Amino acid sequence: MAVEIERKFLVTGDGWRAAAHAVLPMAQGYINDLGAMDSGGQKASVRVRIQGEAAFLNLKSRELGRSRQEFEYPVPVEDARALLALCVGGVIDKRRHLVRHEGHLWEVDEFLGDNAGLVVAEIELSSPDERFALPAWAGREVTDESRYYNLALASHPYARWSADERRGTG
């Protein structure tokens with residue numbers, strides 16, 4: 001079984017930009033919505049993603065926190081474009097910047113469109129208690145805050161967040 005162990009942080013400043021060694025444009029959407037997940041009607045999100053010249057179908061178990069089941073399968077790009085047209089909520093556009101920091105690969109997602117202004121960094125780990133060095137540009141941890149999950153951003157984009165939500169108090 002495939003298990004993803006991930007931590008997510010808000011990004012402060014632009015210090016990560018100079019260290020980025022690759023940038024991947026991404027468009028992704030969800031076949032199901034947050035309501036189906038929150039109601040318990042579905043136990044996994046179903047995502048389609050076009051990443052550069054490749055495309056993937058992804059299923060991820062609905063669990064808050066650091067660990068969840070994740071399955072990803074390549075699909076033809078033309079199929080992915082057709083699936084994006086079937087997605088509920090909005091399509092998430094972002095640029096993923098790959099940054100190495102003290103032996104770990106960080107993925108810094110710079111959101112565009114309705115989520116412009118939001119930048120988050122994720123690190124995948126091999127165990128929940130794996131130690132890692134936090135870069136100076138990594139701010140508050142938001143791993144357990146579902147509003148920062150891409151599935152939530154598709155239905156309630158950053159552009160519609162209240163001032164309290166943006167401060168983390170709403």
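**Close-up views of a predicted model**

**View 1. Strands S4 and S5 pair side by side.** Five bridges link S4 with S5, and the two strands run antiparallel. Pairing here requires at least two bridges found by DSSP between the strands. Strands are DSSP runs of E with at least two residues, helices are runs of H or I with at least four residues, and both are numbered from the N terminus. Asn58 has Glu72 in S5 as its bridge partner. The model is predicted: local features need pLDDT of at least 70, side-chain atom pairs count only at pLDDT 80 or more, and totals for chains, interfaces and linings use all residues. Residues are numbered from 1 along each chain as its sequence is written, and side-chain values use heavy atoms, with hydrogens and water left out.

**View 2. Strand S5 also pairs with S1.** S1 covers residues 3-11 and S5 covers residues 67-74. Three bridges join them, in antiparallel sense. Glu4 sits opposite Arg68 of S5.

**View 3. S3 and S4 form a hairpin.** Two residues lie between the strands. Gly52, in the turn, has a positive phi of about 65°. Eight bridges hold the antiparallel pair S3 and S4, the latter spanning residues 54-61. Across this pair, Val48 faces Leu57 in S4.

**View 4. S3 has S2 as a partner too.** S2 (residues 20-30) and S3 (residues 44-51) run antiparallel and share five bridges. Gly29 is placed opposite Val48 of S3.

**View 5. Val120 sits in strand S8.** S8 comprises residues 119-124. Is Val120 buried or exposed? Val120 is buried, at a relative accessible area of 1%. Buried means under 20% relative accessible area, exposed means over 50%, and partly exposed is in between (1.4 Å probe, protein chains only). Contacts are counted for heavy atoms within 4.5 Å. Beyond neighbours within four places in sequence, Val120 contacts Lys8, Phe9, Leu10 and Val11, among others. Its contacts also include Glu107, Val108, Asp109, Phe111 and Tyr148. Ala20 is 100 residues away from Val120 along the chain, and their C-alpha atoms are 14 Å apart.

**View 6. Ala152 belongs to helix H3.** H3 runs over residues 150-155. Ala152 is buried, with 5% relative accessible area. Setting aside neighbours within four places in sequence, Ala152 is in contact with Leu34, Ser146 and Arg147. Gly35 lies 117 residues from Ala152 in sequence, yet the C-alpha to C-alpha distance is 9.4 Å.

**View 7. The whole protein gives the setting for the close-ups.** The protein has four helices and nine strands. From the N terminus on, they run β-β-α-β-β-β-α-β-β-β-β-α-α. The radius of gyration is 16 Å, close to the 15 Å from the globule rule for 170 residues, so the protein is as compact as a globular protein of that length. That radius is taken over C-alpha atoms, and the rule is 2.2 Å times the number of residues to the power 0.38. The C-alpha trace spans about 40 × 35 × 30 Å along its principal axes. Of the 170 residues, 43% are buried. Among contacts between residues at least 6 apart in sequence, 61% join residues at least 24 apart.
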